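Please look at the sequence and the structure first.

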Amino acid sequence: MRLVAGWATDVGLVRAANEDSYLVDDALGVFAVADGMGGHAAGEIASSTAVEALRAALARGDDVVTAVLDANAEVFSRAHRQQSLAGMGTTLTVAVTEGGRHLRLGHVGDSRAYLLRDGVLDRLTDDHSMVEELLRAGRITAEEAAVHPQRNIVTRAIGISPLDLEVDTRLVEVAAGDRVMLCSDGLSGLTTASELQSLLDDRTCSPQEAATRLVDLALAHGGDDNVTVVVIDVEEVDDTAPTPRGGAGARPEPSTAHTGAAEPTPEVPGAASTDSADSPGGLDTRVPRRRGRAVLWLLATTVPLVLLLVGAWFGLRAWNDHQFHVGVHDSHLALFRGSADAPFGWDPVVLTEASDVQVSRIQDEAQRAAIEHNKACVTSSEATARRCFAEQRNRALNPGTTS
Ligand code: MG
């Protein structure tokens, strides 16, 4: 088996810049589409960062899910290193040759993968979009989904969170004659499944011609979004001949990863489809993220703890500043600010006012003991403390009084 790919991308007729990216790497047998979102140049950077990180991970030998998670960590990390990129994200739909006669799909977001076999087009991915979730739950109809005001909202995307990203993955057996298509919603949101099926089933078109015609079709339907298409034909070859990994590598062109230019786009448009013939294939495995980035995990767990401790420290300081008691300073009666019972060996007591009265002159044993143990006149009111201090001093000087 060998794979022959064609690809096309266009900014469309409405947008000022192309935030889609794609990846066609014959040597690795990797094909991907990413649809970026974010302000300024962030969408373009998100999608191009994702496909570059994806390719690097697959080149290292990572499996598809791990590679998608790596892409997620890289986009998230980059967004947090640069303020202007905060909140950026991207969809990512990837197909990788596996075992010679299979394609392994990885998928996050509302870009799509389709398989045309024997003239019938099947959708291989579920959209992670609010509208499609409503559609699957039976709460809206396909007709309502097509015009739903929030059809542009994705519910899962690369780069939004460092943890708990769920990656849909699916192993698809392919055979000679199959045609696989990856596309951004700039195509699927503007066309019907029957249109896509009809165009892809025209075998007089090469994959490259098919990709170009599909982009032209989206433009003919208004081109209100960036549109990106990768078409991959599965061809039979002599299996005894040496082939690159997974049987890919038929194209003579060098591997390429394309990114468009920047444009502020707060969301990924076109999540919904009205295509009744679209039958989302059941994804056979949903793999929760098990491998977090250690640094991100540490940040997520330690930063709140540090903030909590700092808050507790300032709270304790504020409380202590409003504690007073009468005690002993150089064997003399004195007034102190701060608690003598502060925790952790902390000694926050500050001498506020000393006196000329030696504590040993206090005849009342209980009164003297309380003073010597910093238990006299304990209060949170400075005025009360000063009044009590004056009384203690007077009683020491005039043992006969009771004031
Ligand atoms: Mg789009």
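What is the order of the four strands in the open sheet?

## The sheet

In this predicted model, the order is E16-E15-E14-E17, and the pairing is antiparallel. Strands E16 (350–358) and E17 (376–379) form the edges, each pairing on one side only. From one strand to the next, the twist averages 30°.

Strands here are DSSP runs of E with at least two residues, helices are runs of H or I with at least four, and both are numbered from the N terminus. Two strands count as paired if DSSP finds at least two bridges between them.

## Strand pairs

E14 and E15 are antiparallel and share six bridges.

Helix H9 (residues 365–372) lies across E14 (324–329), E15 and E17, at about 95° to E14. Helix H10 (residues 382–397) lies across E14, E15, E16 and E17, and runs at about 15° to E16.

Contact means heavy atoms within 4.5 Å. Angles run from 0 to 180 degrees between N-to-C directions, with axes as lines fitted to C-alpha atoms, for helices over the stretch in contact.

## Basis of the values

Residues are numbered from 1 along each chain as its sequence is written, and side-chain values use heavy atoms, leaving out hydrogens and water. As the model is predicted, local features need pLDDT of at least 70 and side-chain atom pairs count only at pLDDT 80 or more, while totals for chains, interfaces and linings use all residues.
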